[in-house]
Amino acid sequence: MRRHFRWEEEAFPGQGTLRRGLPSSMSVFRSGLLVLTSPLSALSLRLVPILASAARLVQDTLYIHLQPGLSLTGSTQPCSTYVPATTEVYTLISKLYADADIHRHLDVRVLLTNILNQGTAPPALGSVQNLSQPPEVVLTDFETRDGGQSNPVKQRLERYATSCYSCRPNLISVLLYPEYEQEVNDGELPLQPEANVTEEPLQSYSDVVVGGTFDRLHNGHRILLSVSCMLAENRLLVGVSDKDLLETKVLKELILPFEQRVAQLSEFLVDIKPSLRYDIVPLLDPFGVSITDRYLKCIVVSEETLKGGVAVNKKRMENGLPELALHKISLAKDPQHARNEEDKISSSSLRHRLLGTLLRAPQKEMSLPPYPYIIGLTGRSGSGKSSIGRHLARLGAFYLDMDSLGHNIYVPGSPVYSQVVETFGADVLHEDGSINRRALGAKVFGNKEQLKRLTDIMWPVMAQMAREKVEEAAAQGKSVCVLDAAVLLEAGWGDMVHEIWTAIIPEEEALRRIVARDGVSEEAARMRLQNQMSNSQRVKQSHVVLCTLWEPVVTYEQAEKAWALLQKRLKED
């Protein structure tokens, strides 16, 4: 027997209540199904409050099922019916994803199983569709006359949901009763459709193609993919950018691996329209198989990629293939975009928001005392890591510059002095007897065997000096110590720190900075970078990533964000 949950204040002590007893600030279900029953002409005006109500109850995946006109009262059990794929439905789904973007914790998926395009014969609805995240709760905008949580209505809603989709056992049902801003006529909104929206049937095609990076699937992607699915009758071919096509992307080091992007993409597509055949292929050049596949009929593009669609058709003509119909969608705006983020919903903005956050949980190193908590800060030449380190010191960290520490141990009488002279000869000395670092560098540069001899001398001594400095930090009562080391990972010092933070910068910007700072040629700067661990290699081993590409205030904001989140983690431990 299914449970019927009474949304009473006693069930959520201290959480507060909304109209009709919904909790005001608590997501209590991991996944949910939202059944929208309002007329299409009214839904576009109601989406914002409906989504806000749903977002208070669902914390992860929210499936949305469109069934305008569905009644949950009466003596008969309602069943799902087809909704024609019209430009009105197309526009509504696009607006739904755009409006939902404010609720960043939600993974919204509008189900297209009952959206019928004009080129498809309608099969009988009735089989239960499996969902990757079976809903724990079914929600609806349907309202009863008395405004309550009527058990008969909820029972019909639960039966309706389970007849359409795989749901969790003991499914809970909720009538949302959102607070509409412009309630008139006893709670009804004026039912005028939006301007320029018609009920014209949406043109469909047997085989459709779409391409993109599809990194960290967001609502802009979901609009693009949903429209592509609505246009496709049999097959959707999806090209996923990889390798060389990622080189110019902002914060490319944070782009998810190809396999992970494909897995997320596949799960979303099969969820929203399982009847289609999906071919997901790597896209290694701007065209891919779109210029050779003779079965394709339509390509879906955005305002940004329209020129690419035109170029595809030009190549197809050169290959003796017919042109594809070009279907252009508008870009979804991001009203919450921050400084240095795009004004559209984009993956680059999502990657930007990851800067300063914990990308993966650190493993507890049992050999390290819990305090001071040691941050290993690293990065390639020109990455700006030291400016980050100095700002962290201003925020309260004990700052240890390992590069400066390394320079100081070349003086006569230091722990490594005699060993360096014995290994590399007296010709690496200045007239005053101190080690000429430039002459020593010339001997080891490009010679892996000689370089290893030097690092085998230097790194153990530097590590011991760092441990002594950390003990000083502990004696001063410092809770956090930042160990700034370019060779942190190469030297194997990862086991000396609790977390690894990496500063990254595009290679061309790093080259510009090195040339300007050190007065060397671009060729010399490039060789220096080539002899260092790459950004991607560092990021794979990092817990926090920062980027100094933009003006200093943006770098400081990232460092302050990382510092605040670190303080929060330390309080929780």
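**Notes on the predicted model**

1. Aspartate 107 belongs to strand S4, which spans residues 107-111. The model is a predicted one, and in it this aspartate counts as buried because its relative accessibility is 18%, where the cut-off is under 20%. Setting aside neighbours within four places in sequence, aspartate 107 is in contact with Asp60, Thr61, Leu62 and Arg222.

2. The chain has an average pLDDT of 89, and 92% of the residues score at least 70. Two stretches need caution. Over residues 1-26 the pLDDT stays under 50, although the model has 59 contacts beyond four places in sequence for them. Residues 183-195 also stay under 50, with 20 such contacts. Where pLDDT is low, the predicted coordinates should not be read in detail.

3. On the chain as a whole: its secondary structure comes to 16 helices and 17 strands. The C-alpha atoms fill a box of roughly 100 × 70 × 40 Å along the principal axes. Of the 573 residues, 49% count as buried. Among contacts with a separation of 6 or more, 78% join residues 24 or more positions apart.

4. Helices H2 (residues 87-100) and H4 (residues 219-231) form a pair whose axes come within 9 Å and cross at roughly 160 degrees. H2 is therefore roughly antiparallel to H4, the angle being over 145 degrees. The crossing of H2 past H4 is right-handed.

5. Which residues of H2 and H4 meet? From H2 come Val89, Tyr90, Ile93, Ser94, Tyr97, Ala98 and Ala100, and from H4 come Asn219, Arg222, Ile223, Ser226, Val227 and Met230. By class, the residues of this contact are nine nonpolar, three polar and one charged.

6. Helix H7 (residues 347-354) is mostly covered, with six of its eight residues buried. Those six are Ser347, Ser348, Ser349, Arg351, His352 and Arg353. Their cover includes H4 and helix H16 (552-572). Just after H7, glycine 356 adopts a positive phi of about 90 degrees.

7. Is glutamine 450 buried or exposed? This residue lies in helix H12, which runs over residues 448-475. Its relative accessibility is 18%, so glutamine 450 counts as buried. Leaving out residues up to four places away in sequence, glutamine 450 touches Phe424, Lys443 and Val444.

8. Isoleucine 514 is part of helix H13 (residues 507-518). With a relative accessible area of 0%, isoleucine 514 is buried. Beyond residues up to four places away in sequence, isoleucine 514 touches Ser381, Gly382, Gly519, Val520, Ala525, Arg528 and Leu529. Leucine 139 is 375 residues away from isoleucine 514 along the chain, and their C-alpha atoms are separated by 58 Å.

Conventions:
Residues are numbered from 1 along each chain as its sequence is written. This is a predicted model: local features need pLDDT of at least 70, side-chain atom pairs count only at pLDDT 80 or more; totals for chains, interfaces and linings use all residues. Side-chain values use heavy atoms; hydrogens and water are left out. pLDDT is the predictor's confidence in each residue, from 0 to 100. Contact means heavy atoms within 4.5 Å. Axes are lines fitted to C-alpha atoms, for helices over the stretch in contact, and angles run from 0 to 180 degrees between N-to-C directions. Helices (H or I, at least four residues) and strands (E, at least two) are DSSP runs, numbered from the N terminus. Angles under 35 degrees count as roughly parallel, over 145 as roughly antiparallel, 65 to 115 as roughly perpendicular and the rest as oblique. A crossing is left-handed if the near helix is turned anticlockwise from the far one by less than a right angle, and right-handed if clockwise. Ala, Val, Leu, Ile, Met, Phe, Trp, Tyr, Cys and Pro count as nonpolar, Asp, Glu, Lys and Arg as charged, and the others, Gly among them, as polar. Buried means under 20% relative accessible area, exposed over 50%, partly exposed in between (1.4 Å probe, protein chains only).
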